[in-house]
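Please look at the sequence and the structure below before reading on.

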Amino acid sequence: MPESILVTGGAGYVGSHVVVALVRAGYAPVVLDNYANSTPAVLPRLHALAGYAIPAVHVDVRDADALRGVFRDHPITAVIHCAGLKAVGESQARPLAYYDVNVGGAMALAQVMGEAGVATLVFSSSASVYGEPEALPIDEAAPLQPHSVYGRTKRIVEDFLCDLAGANANWRIALLRYFNPAGAHVSGTLGEAARGRPNNLVPLLCKIAAGELANLTVYGNDWPTADGTGVRDYLHVEDLAEGHIAALRHLAGVRGALAINLGAGRGHSVLEVVAAFERACGRRIARTIAPRRPGDVAASYADATRAAQLLHWRTTRDLDAICADAWRWQQQGGRY
Ligand code: UD1
């Protein structure tokens, strides 16, 4: 019998790719989502990729009673917790919503997992917990100084989960600090379906290349980087999804809570990403230079040594694959 793994936020951008990776690795995922920032229209796509109808429940992760029902109905052995709000700008304007969903959701989930005797948890954290890096590459011992409400909710959940593991040695928890997830499933059938105007670079390039948005605004060409534009650690969302499987396997042999960076371990500048995207789509991306975006940093990229050593995981898809797959998703509609 394949193990049942609950994926909260399983209809979302990262969660949907995790679901497909779980099936490929021989697990039986159960999708949980409230569709606040996703849609059930992803489910037929997941079914087509999996070759069977993956069970899905329409539940809000803050609803402990509904969660209890999910654990009664399915023989869940572990949880991958991807559900949460993730827009940095919005988090500054709506702190209550971000604390409620991100912190309250993790607390309700941990409560019900404890009652059900399920102690294995993979948590979607973020490199935004680091804030402005004091040194590059960023390793897991770097200070946690998040700039945003969003990043603080991730740090608080990390602290909460470490406290749980400190109080009860049964817990097996991985805190996965994502760098910049980008790209789409290689089939072009799963991807990021942003509501409204995207905030992140690669989804913006998709819309610009497709003619849905005008030119790219490059936020600063006076950063202390090789070409003056911001440098980030972009990792393919399928690599990221496989990192969750590797973490799940690792947790079978260890107890406690541990933070692990998931990144490619190298950075690319905005102009490098634009050039790679132009190669992928065969079109020119018009761009204008604007002042720096408030809250941005010059460069951020991971020291991914811990993931390589403990999880035997590293990225295998490069920036060209990220752009090619994002463009394929866009050309197939770029939405559900
Ligand atoms: C952002 C979030 C981060 C979150 C991540 C999720 C901020 C400050 N940080 O990271 O917390 O974890 O998304 O993927 O919002 N750029 C432009 N023009 C644009 C958009 C972006 O030049 O129109 C540049 C940015 O200045 C940056 C790079 O592209 O150098 C990547 O930006 P983005 O995709 O928004 O990611 P981050 O800001 O790194």
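## Salt bridges across the chain

A salt bridge is here a side-chain nitrogen of Lys or Arg within 4 Å of a carboxyl oxygen of Asp or Glu. In this predicted model, the count by that rule comes to 22 salt bridges. One of them joins the side chains of glutamate 238 and arginine 24, with 3.4 Å from N to O. Because glutamate 238 lies in helix α8 (residues 237-251) and arginine 24 in helix α1 (residues 13-24), the pair ties together parts that are 214 residues apart in sequence. Glutamate 238 is buried, at a relative accessible area of 6%, and a network of salt bridges links Arg24, Glu238, Asp239, Glu242 and Arg317.

Arginine 335 and glutamate 212 also meet through their side chains in a salt bridge, at 3.9 Å from N to O. This pair links distant parts of the chain, 123 residues apart, with arginine 335 in the segment after α11 (319-331) and glutamate 212 in the loop between α7 (201-209) and β8 (216-219). Arginine 335 is partly exposed, with a relative accessible area of 48%, and glutamate 212 counts as partly exposed at 41%.

## The open sheet

Seven strands form an open sheet in the order β3-β2-β1-β4-β5-β6-β11, with parallel pairing. Since β3 (56-58) and β11 (256-262) stand at the edges with a single partner strand each, one side of each is left without a neighbour in the sheet. Neighbouring strands are turned against each other by 20 degrees on average, direction ignored.

Strand β2 (residues 28-33) pairs with β3 in the parallel sense over three bridges, and leucine 32 has valine 57 in β3 as its bridge partner. Helix α5 (residues 95-116) packs on the sheet, where it touches β1 (4-8), β4 (76-81) and β5 (120-126), and its direction makes about 170 degrees with that of β4.

Conventions:
Residues numbered from 1 in each chain as written. Predicted model: local features only at pLDDT ≥ 70, side-chain atom pairs only at ≥ 80, totals over all residues. Heavy atoms only, no water. Pairing = 2+ DSSP bridges. Helix = DSSP H or I, 4+ residues; strand = E, 2+ residues; numbered from the N terminus. Axes fitted to C-alpha atoms, helices over the stretch in contact; angles between N-to-C directions. Contact = heavy atoms within 4.5 Å. Buried < 20%, exposed > 50% of the residue type's maximum accessible area, 1.4 Å probe, protein only.
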